Amino acid sequence: MRPIVLAGSTDAFARKVYEAVGDDMRDRLRLWNRHLAEPGGLEALLETQPAVAILGPGLVDAVSLRFAQQIDTERAEVGVVVVQNAGANVDAALAAGVRAILSPDSDSDSIKAAIERAAAAADRSDRDTQIPKPSVGRAKVTTVLSPKGGAGKTVLSTNLAVGLASVAPRGVVIVDLDLQFGDVAYALGLKPRHTMYDVVAATGSLDITTLKVFLTHHSSDLYVMCAPDEPARGELIEVEAVQQIITLLAADFDHVIVDTAAGLSEHTLATLDLSTDVIFLADMDVPSVRHLSKVIKAFDRLGMGNADRHFILNRADARVGLSMMKVAAQAGLAVDIQVPVSKQVPVALNAGSPLILSHPKNPVTRKIWEIVERLAGPQVRETRQPLKWSA
Ligand SMILES: Nc1ncnc2c1ncn2[C@@H]1O[C@H](COP(=O)(O)OP(=O)(O)OP(=O)(O)O)[C@@H](O)[C@H]1O
Ligand SMILES: [Mg+2]
């Protein structure tokens, strides 16, 4: 297997990396002491054919992003992990094709997870240049994301999950990955007894039986992994815990829907690695669509091209719909579904009664069924159960 090379490191960080990784990774670890900035420095590093290049805290943040960009352009098969001294600029790092971001103070679990993730992607592409669709279990894992907040992710993901639950009763789980301000429980009118915080606070090894104890049941026969009820508790949830939770759920359910916080957090990026489908949601404004196109281009560079992509414009109306389609086309995006505006959407959200249940004839509901069909197949129309809802 190709080596994992740590360049531009301080002694202290190198020791942390060495102690953080497991035995098999440690065998592959190489410390690179030559200066990358000297003529031919980066080329010499790349001649070692690394699977992962870790650009350490000894490099100035902007310089390590420049090297990351260069590696991405010249050798896309190398997974790059950067250590940023002044905090993560996720957008800039994504644009530079970075696989994971660490800080000099990252703890050993985060260091281990970042390196393993970058190595797993590189090893996978070595094993098979024709990379198969990611499959973590039998489920479809669908992540809903938008670069900007308030685009309608929670409305869409909760209604979608309820719709899918009518096709696969007890086979659908929605995970609220907006760890600080998640409101999936609110949108579904639930008062959860347990949240994801309880999962990570539980002692002992985690298996699906234990995990199911922490799910909340919704009357549509949908299961919910609720976000912590306090932002401070959300901060305690590590990326690896989220990966473990989604992997376990995917092995047991037919559909895992993941609602995310705006933008691309480390947690969201890790989830995308496990996703079979990604729903990109943009609002009806030009910056929203342009921003999304940048994110999608970054995805391509990162090799996250295996999930099926669905591009949805929310709050589309006839007046600006066509011009937005043009903006999207210029940005290289083909709009799959346009969801209209409806006054009933905030009303249903505030009542905690998903629109698909409370307003079955609403035009937004009709579009949600289209999305359900995209994910579950056209046979949905015949197999779906009548939706139950009591006000
Ligand atoms: N198609 C629509 N028509 C009318 N209102 C909508 C529509 N979609 C979403 N909204 C409203 O927009 C607001 C934001 O929606 P939502 O909470 O789903 O966005 P979000 O992307 O999850 O936001 P955040 O990034 O804060 O999590 C809500 O008040 C919701 O009712
Ligand atoms: Mg939300």
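**Close-up views of a predicted model**

View 1. After helix 18 comes G377, a residue whose phi is positive, near 95°.

**View 2. Strand 6 and the burial of its residues.** Strand 6 (residues 140-145) is mostly covered, with 6 of its 6 residues buried. In a regular strand the side chains alternate between the two faces of the sheet. Here K140, T142 and V144 point one way from strand 6, whereas V141, T143 and L145 point the other way, and all are buried.

**View 3. The pairing of strand 6 with strand 10 and strand 11.** With strand 10 (residues 255-260), strand 6 pairs in the parallel sense over 5 bridges, and D259 in strand 10 is the bridge partner of V144. Strand 6 also runs parallel to strand 11 (residues 277-282), to which 4 bridges join it, and V278 in strand 11 is the bridge partner of T143.

**View 4. The residues around ligand 1.** Ligand 1 is surrounded by 19 residues, of which the closest are G149, G152, K153, T154 and P346. Helix 7 (153-167), strand 12 (308-316) and helix 16 (344-351) are the elements that give two or more residues to this shell. Sorted by class, the shell around ligand 1 holds 9 nonpolar, 7 polar and 3 charged residues.

Technical notes. Residues numbered from 1 in each chain as written. Chains lettered and ligands numbered in written order. Predicted model: local features only at pLDDT ≥ 70, side-chain atom pairs only at ≥ 80, totals over all residues. Near = placed C-beta within 6 Å. Nonpolar A, V, L, I, M, F, W, Y, C, P; charged D, E, K, R; others polar. Buried ≥ 20, exposed ≤ 12 C-beta atoms within 10 Å, placed from the backbone. Pairing = 2+ DSSP bridges.
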